[in-house]
Amino acid sequence: MCESFTIFAHRGARGHAPENTLLAFSLAFDLGADAIEFDVQRSSDGQLVVIHDDTVDRTTNGHGYVRETPFEKLRELNAGVRWNTPQRIPTLAETLALVEARGGAMNLELKADSRGDALATAAIIESALVELNQPMRARLLLSSFELDAVAWLKSRLPWLRVGALFTGSQWRKEDMVSRALDLDAEAIHPNIRLILPELVERAHAARLRVNVWTANRRPTIRRLLALGVDGIFSDAPERVVIERARFAARETA
């Protein structure tokens with residue numbers, strides 16, 4: 001296991017608080033997460049907001065597509081309604097400010113419904129990221145399933161650390177490692193169903209980190225630690241904290 005193993009709180013501590021909210025992000029750091037993972041997309045008027053789904057229906061008291069709703073309307077919604085707690089949909093700027101204040105790290109996932117949408121969102125994200133100071137740049141990892149958008153951002157911001165997201169059965173046959181190297185990525189982010197010992201070995205041989213999503217059950221977390229992955233995304237980061245400590249104790253016993 002890499003010494004710089006990273007515990008990513010998936011959409012914040014979403015097992016304990018409304019996902020992708022400032023409350024969930026703050027709680028994630030309280031529970032021992034090294035980094036928060038959050039999803040960024042744009043409103044109809046080009047503002048960057050933190051929400052996972054392409055609609056607001058599941059996680060708020062509203063209805064409709066995020067990219068068809070103006071920012072002002074999105075901000076009126078309660079993103080904590082399922083938890084009976086008032087929470088707004090955060091902006092990217094608010095999320096970055098929280099990370100800076102807490103001294104943690106972050107994985108920004110660019111969400112889009114098409115290649116064109118991804119590139120348009122990437123252009124707005126670029127404008128936000130160029131303003132980051134050097135310490136915050138070092139804490140940022142950007143990932144997406146939209147690998148063309150990842151490549152475009154990397155070409156515009158050479159300092160940007162990126163991870164290539166993979167899911168689906170096609171990646172059992174296609175080469176995740178080669179694709180990530182083409183992007184000049186620092187990591188592959190495979191779905192847990194794609195993890196095999198030989199994938200971890202090949203990625204490490206290519207000097208790529210392996211950050212796996214999403215592991216919540218303790219036996220699964222233990223299996224991933226034994227495989228030597230470099231990071232785990234979890235809805236319950238405190239479980240990974242405990243299992244990582246136990247694994248490290250056994251390794252040094």
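N20 is found in the loop between β1 (6-10) and α1 (22-30), where helices (H or I, at least four residues) and strands (E, at least two) are DSSP runs numbered from the N terminus. This is a predicted model, in which local features need pLDDT of at least 70 and side-chain atom pairs count only at pLDDT 80 or more, while totals for chains, interfaces and linings use all residues. Residues are numbered from 1 along each chain as its sequence is written, and side-chain values use heavy atoms, with hydrogens and water left out.

The relative accessible area of N20 is 3%, so N20 is buried; buried means under 20% relative accessible area, exposed means over 50%, and partly exposed lies in between, with a 1.4 Å probe and protein chains only. The phi of N20 is near 55°, a positive value in a residue other than glycine.

## The cavity

N20 is also one of the residues that line the largest cavity, together with E19, V50, I51, H52, T59, T60, A79 and I89. Rolling a probe the size of a water molecule over the atoms shows where empty space is left. On a 1 Å grid over the protein atoms alone, a cavity is a set of points where a 1.4 Å probe fits but cannot get out, whereas a pocket is an open set with protein on both sides within 12 Å along at least five of seven lines, and lining residues have an atom within 4 Å of a point.

The structure holds one cavity of 30 Å³ or more, and the largest cavity has a volume of about 60 Å³, a volume being the space filled by probe spheres set on the points, which are joined across faces, edges and corners. The lining of the largest cavity has four nonpolar, four polar and one charged residues; here Ala, Val, Leu, Ile, Met, Phe, Trp, Tyr, Cys and Pro count as nonpolar, Asp, Glu, Lys and Arg as charged, and the others, Gly among them, as polar.

## The largest pocket

The volume of the largest pocket is about 190 Å³. Of the 12 residues that line the largest pocket, W171, R172, E174, M176 and L199 are the closest to its centre. Two or more residues of this lining come from each of α7 (176-182) and α8 (197-205), and α8 gives the most, with three residues. By class, the lining of the largest pocket divides into six nonpolar, no polar and six charged residues.

## Strands and their contacts

T6 is found in strand β1 and is buried, with a relative accessible area of 15%. A polar contact of 3.3 Å joins the side chains of T6 and R209; such a contact is a pair of N or O atoms within 3.5 Å, where within protein one must be able to donate a hydrogen and the other to accept it, and residues adjacent in sequence count only if both atoms are side-chain atoms.

In strand β4 (residues 105-110) lies E109, which counts as buried at 7% relative accessibility. The side chains of E109 and K111 are joined by a polar contact of 3.3 Å. Not counting residues up to four places away in sequence, E109 touches several residues, including F38, S144 and L165, where contact means heavy atoms within 4.5 Å.

S144 itself stands opposite A164 in β6. Strand β5 (residues 140-144) and β6 run parallel and are joined by four bridges, and two strands pair if DSSP finds at least two bridges between them. Five of the six residues of β6 (residues 161-166) are buried, so this strand is largely enclosed by the rest of the structure.

## Other loops and backbone features

Most residues other than glycine have a negative phi, and most peptide bonds are trans. D184, in the loop between α7 and β7 (187-190), has a positive phi of about 55° although it is not a glycine. With a relative accessible area of 51%, D184 is exposed. A cis peptide bond, with omega about -15°, joins W213 and T214, and T214 is in the loop between β8 (209-212) and α9 (218-227).

Is V56 buried or exposed in the loop between β3 (48-50) and α2 (71-75)? V56 is buried, with a relative accessible area of 1%. V56 and L74 are 18 residues apart in sequence and 8.4 Å apart in space, C-alpha to C-alpha, and L74 is among the residues that V56 touches.
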